[in-house]
Amino acid sequence: MVQGGPASVPNDYRFAECQIWYYGLKGTKSDIPAAWAAYNRYVSLSPPSLQAYNKLQGQMRMAVALARADLSDSARRVAERSRGDASIDPSRDLAQIEAIALDVLGDKEAAFKQISIWLARNPQVVGTAGQDETWELKDLREDPKYAATFKGK
């Protein structure tokens, strides 16, 4: 078998990451033990150079899955412990994922705070609200504050 072919996909950390994303999708049947198993697999299969970041990113994705499963306290705790500082998450992408979890929880104010943290580190996207088609932020985009947040101050 050719290395990297179909049989090796389940042993790729990105495949395990997709499984975590799956449990955070709207309409997906909640299976938190399976989601945590996918998370553990994701971290263990991640290359050493990415493991610290992927651990936090996977936990943020778990926060989304927990929020979808109506486990709000758990979702918040996991998200809060998964925030990375600038040394591990210089682009602040974890804040954007946390915003998704907070939006699922119905906490739009906290979600906008996290989007603002992400925008502060990614000023190149300020002014692009009309171009955003991110499906995960669809509910947040429908709030008038979304366009105002992306216009900048």
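The chain has eight helices and zero strands. Read from the N terminus, its elements run α-α-α-α-α-α-α-α. The model is a predicted one. Of the 153 residues of the chain, 41% count as buried. Among contacts with a separation of 6 or more, 59% are made by residues 24 or more positions apart.

**Helix 1 and the segment before it**

- The buried residues of helix 1 are Tyr13, Ala16, Glu17, Ile20 and Tyr23. Seen down the helix axis, these residues fall within an arc of 115 degrees, so they line one face of helix 1.
- An α-helix has 3.6 residues a turn, so residues three or four places apart point the same way.
- The buried residues of helix 1 pack against helix 2 (32-45) and helix 3.
- The N-terminal end of helix 1 is capped by Asp12, with a side-chain oxygen 2.7 Å from the backbone nitrogen of Arg14.
- Pro10 is found in the segment before helix 1.
- Leaving aside residues up to four places away in sequence, Pro10 touches Phe15, Arg41 and Leu45. Pro10 and Leu45 are 35 residues apart in sequence, and their C-alpha atoms are 9.9 Å apart in space.

**Helix 4**

- Helix 4 spans residues 72-81, and its buried residues are Ala75, Val78 and Ala79. Viewed along the axis of helix 4, the buried residues fall within an arc of 100 degrees, so they line one face of the helix.
- The exposed residues Asp73 and Arg77 are carried on the face of helix 4 turned away from its buried side.
- The buried residues of helix 4 pack against helix 2, helix 3 and helix 5 (93-104).

**Helix 6: Gln114**

- Gln114 has its place in helix 6, which covers residues 108-121.
- The relative accessibility of Gln114 is 7%, so Gln114 counts as buried, the limit being under 20%.

**Loop residues**

- Ser30 lies in the loop between helix 1 and helix 2. At 42% relative accessibility, Ser30 counts as partly exposed.
- Ser30 and Leu66 are separated by 36 residues in sequence, while the distance between their C-alpha atoms is 8.4 Å.
- Asp70 is found in the loop between helix 3 and helix 4. Asp70 has a positive phi of about 60 degrees, although it is not a glycine.
- The relative accessible area of Asp70 is 68%, so Asp70 is exposed, the limit being over 50%.
- Arg92 is placed in the loop between helix 4 and helix 5. Arg92 also is not a glycine, yet has a positive phi of about 60 degrees.
- Arg92 counts as partly exposed, with a relative accessibility of 23%.

- A search of the whole structure finds one cavity of 30 Å³ or more. The volume of the largest cavity is about 30 Å³.
- The lining of the largest cavity consists of Ile20, Trp21, Gly24, Leu25, Arg61, Val64, Trp135 and Glu136. Helix 1 (13-23) and helix 3 (51-68) are the elements that give two or more residues to this lining.
- By residue type, the lining of the largest cavity divides into five nonpolar, one polar and two charged residues.
- Ile20 is among the buried residues of helix 1, and Ile20 also lines the largest cavity.

Terms used:
Residues are numbered from 1 along each chain as its sequence is written. This is a predicted model: local features need pLDDT of at least 70, side-chain atom pairs count only at pLDDT 80 or more; totals for chains, interfaces and linings use all residues. Side-chain values use heavy atoms; hydrogens and water are left out. On a 1 Å grid over the protein atoms alone, a cavity is a set of points where a 1.4 Å probe fits but cannot get out, and a pocket is an open set with protein on both sides within 12 Å along at least five of seven lines; lining residues have an atom within 4 Å of a point. Grid points are joined across faces, edges and corners, and a volume is the space filled by probe spheres set on the points. Helices (H or I, at least four residues) and strands (E, at least two) are DSSP runs, numbered from the N terminus. Ala, Val, Leu, Ile, Met, Phe, Trp, Tyr, Cys and Pro count as nonpolar, Asp, Glu, Lys and Arg as charged, and the others, Gly among them, as polar. Contact means heavy atoms within 4.5 Å. Buried means under 20% relative accessible area, exposed over 50%, partly exposed in between (1.4 Å probe, protein chains only). The arc is that of the directions from the helix axis to the C-beta atoms. A polar contact is a pair of N or O atoms within 3.5 Å; within protein, one must be able to donate a hydrogen and the other to accept it, and residues adjacent in sequence count only if both atoms are side-chain atoms.
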